[in-house]
Each structure stands twice: as structure tokens, then as C-alpha cells.
Amino acid sequence: MLRVTLRVAIVLAVVLALATSTRSGLLWRLSTFTYQANVLAAAYYVWTLAWPRADARVGVRGAVVLYVLIAGVIWNLFLTGHSMGYTPANVLLHLVVPVLALTDWLLVGHDQVRVGWWQPVVWLAYPAGYLALALAVLNHAGRRAPYYFLDPDTVGAAAVVANICVLAGATLALGYTLLVINRAVAHVR
């Protein structure tokens, strides 16, 4: 029951956030890591609700949790002043969904296999792909870059390189934190 409740809540939060996002248009919003990560999370949790055996894919589940956590942490630490602030959509995507996904990670999946030591490295693939897209396309799409800290025109090329290194290191550290949590709570579940 907890599994279903958490996952339905995540899906509903993402759908509601998408429905209430009006500034800059939904298509532009979907070019951001936050919206992509949350839509990915909603799709994953719908998949697990429709096909419970999908939970066996602990690597996919860990990646989804990591991505929404990254979006939440970065927005809350660095982007609230560069956005519309704590709007309903921002609260849902940057606070509610990450908390629910982390809660699901901690409390659901007693029969789940442990996360392999190599999976947090693999989880870097999507953020790296997004980064390449942001640098190559989004920064030159005729609109503002989705994230000022990845915009060489705003912070300079050296700062972008430094930011990329910090983001990669923080993502890897958070991924390994999820791995340690997975192994620690596996005995409790």
C-alpha cells in the first residue's frame, strides 16, 4: 500500500506541476533538467505501478531518484533567486517529488537487490548527455540558457568548466550516498 501511495503521489505531483507551468511555456520548461528528470520519474513510477516486476531494475530506480534529487538540491541551493521562486510547480518538482522519491527509495523494495558499485558511475550518463545538449544547443537556441552556471556568456568558460567538475563530483557523491543508503536499509526492510 505504501509503495502504491508514494508512486501515485509522485505521478500526480508531476502531472499537476506540468499543468500549472505557464511561464516560458511548457516546451521550454521541458528543455530543463528539472522537468526532464521529473517526467522521467513519473514515467518510471507509472511503469512500476503497471508492471510491478519493473522494481527489479534497481539501477533504473536509483537513477530516477538521483536525478530528481539533483534537480531539487541544485534549484534550492542556487536557482530560487533566478526563477519565479516557490510557485506551486516549483514546490512540487523541487521539494515534493524529491522527498517522495527518496522516501520510496528508503521504505519500499524489501526484496530489492543491492545497487552495484558501478551503477552510480553509469548514472552520470544522462546528466552528461543533458550537459552536452545544454552547452551545444540550449545555450544557442535564441533564448536564455536554462542554467546560468552552464552559460559561458554569463559566468565565463573557465567557470563553466569548474561548475561541470563540481556538478559531476557532487552527482557521483550523491549516487554513492544512495548506494550506501540502499545497502544499509536493505537489512532493515
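Guide: The protein chain has nine helices and zero strands, where helices (H or I, at least four residues) and strands (E, at least two) are DSSP runs numbered from the N terminus. Along the sequence the order is therefore α-α-α-α-α-α-α-α-α. The model is predicted, with local features requiring pLDDT of at least 70 and side-chain atom pairs counted only at pLDDT 80 or more, whereas totals for chains, interfaces and linings use all residues. Residues are numbered from 1 along each chain as its sequence is written, and side-chain values use heavy atoms, with hydrogens and water left out.

Of the 189 residues in the protein chain, 43% are buried. Here buried means under 20% relative accessible area, exposed means over 50%, and partly exposed is in between, with a 1.4 Å probe and protein chains only.

To your request, then. Side chains of opposite charge can pair when their charged atoms come close. A salt bridge is taken as a side-chain nitrogen of Lys or Arg within 4 Å of a carboxyl oxygen of Asp or Glu, and the search of the whole structure finds four.

One of them joins Arg3 to Asp55, with 2.8 Å from N to O. Because Arg3 belongs to helix α1 and Asp55 to the loop between α3 and α4, this pair ties together parts that are 52 residues apart in sequence. Both partners fall below the burial limit: Arg3 is buried, with a relative accessible area of 19%, and Asp55 is buried at 16%.

Another salt bridge brings the side chains of Arg7 and Asp104 together at 2.9 Å, N to O. Arg7 lies in helix α1 and Asp104 in helix α5, so parts that are 97 residues apart in sequence are tied together by this pair. Arg7 and Asp104 are both buried.

Asp104 also meets Arg61, the closest N and O atoms being 2.8 Å apart. Since Arg61 is in helix α4 and Asp104 in helix α5, this pair ties together parts that are 43 residues apart in sequence. Arg61 is buried, with a relative accessible area of 0%, and Asp104 is buried at 0%. Through shared partners, salt bridges join Arg3, Arg7, Asp55, Arg61 and Asp104 into one network.

Helix α4, which carries Arg61, covers residues 58-79 and has 22 residues. From its first C-alpha to its last, α4 reaches 30 Å, close to the 32 Å expected at 1.5 Å a residue; the expected span is 1.5 Å times one less than the number of residues. This helix is mostly covered, with 17 of its 22 residues buried.

In soluble globular proteins, nonpolar side chains tend to be buried together. A nonpolar core is a set of buried Ala, Val, Leu, Ile, Met, Phe, Trp, Tyr and Cys residues joined through side-chain atoms within 4.5 Å. The largest such core here has 44 residues, and those with the most contacts inside it are Phe33, Tyr45, Val65, Tyr67, Trp123, Tyr147 and Leu178. Two or more residues come from each of α1 (2-20), α3, α4, α5, α7 (125-136) and α9 (157-186). Among these, α4 gives the most, with 13 residues.

Rings of Phe, Tyr and Trp (its six-membered ring) pair if their centres lie within 6.5 Å; planes under 30 degrees apart count as stacked, over 60 as edge-to-face and the rest as tilted. The whole structure contains eleven aromatic pairs. One of them, Tyr44 with Trp47, is edge-to-face, at 5.9 Å centre to centre and 75° between the planes. Both residues lie in helix α3 (residues 33-50), three residues apart, about one turn of the helix. Tyr147 and Phe149 instead form a stacked pair, 5.6 Å centre to centre with 25° between the planes, and both are buried. Ring pairs link Phe33, Tyr67, Tyr126, Tyr130, Tyr147, Tyr148 and Phe149 into a cluster. Phe33, Tyr67 and Tyr147 are also among the core residues with the most contacts.
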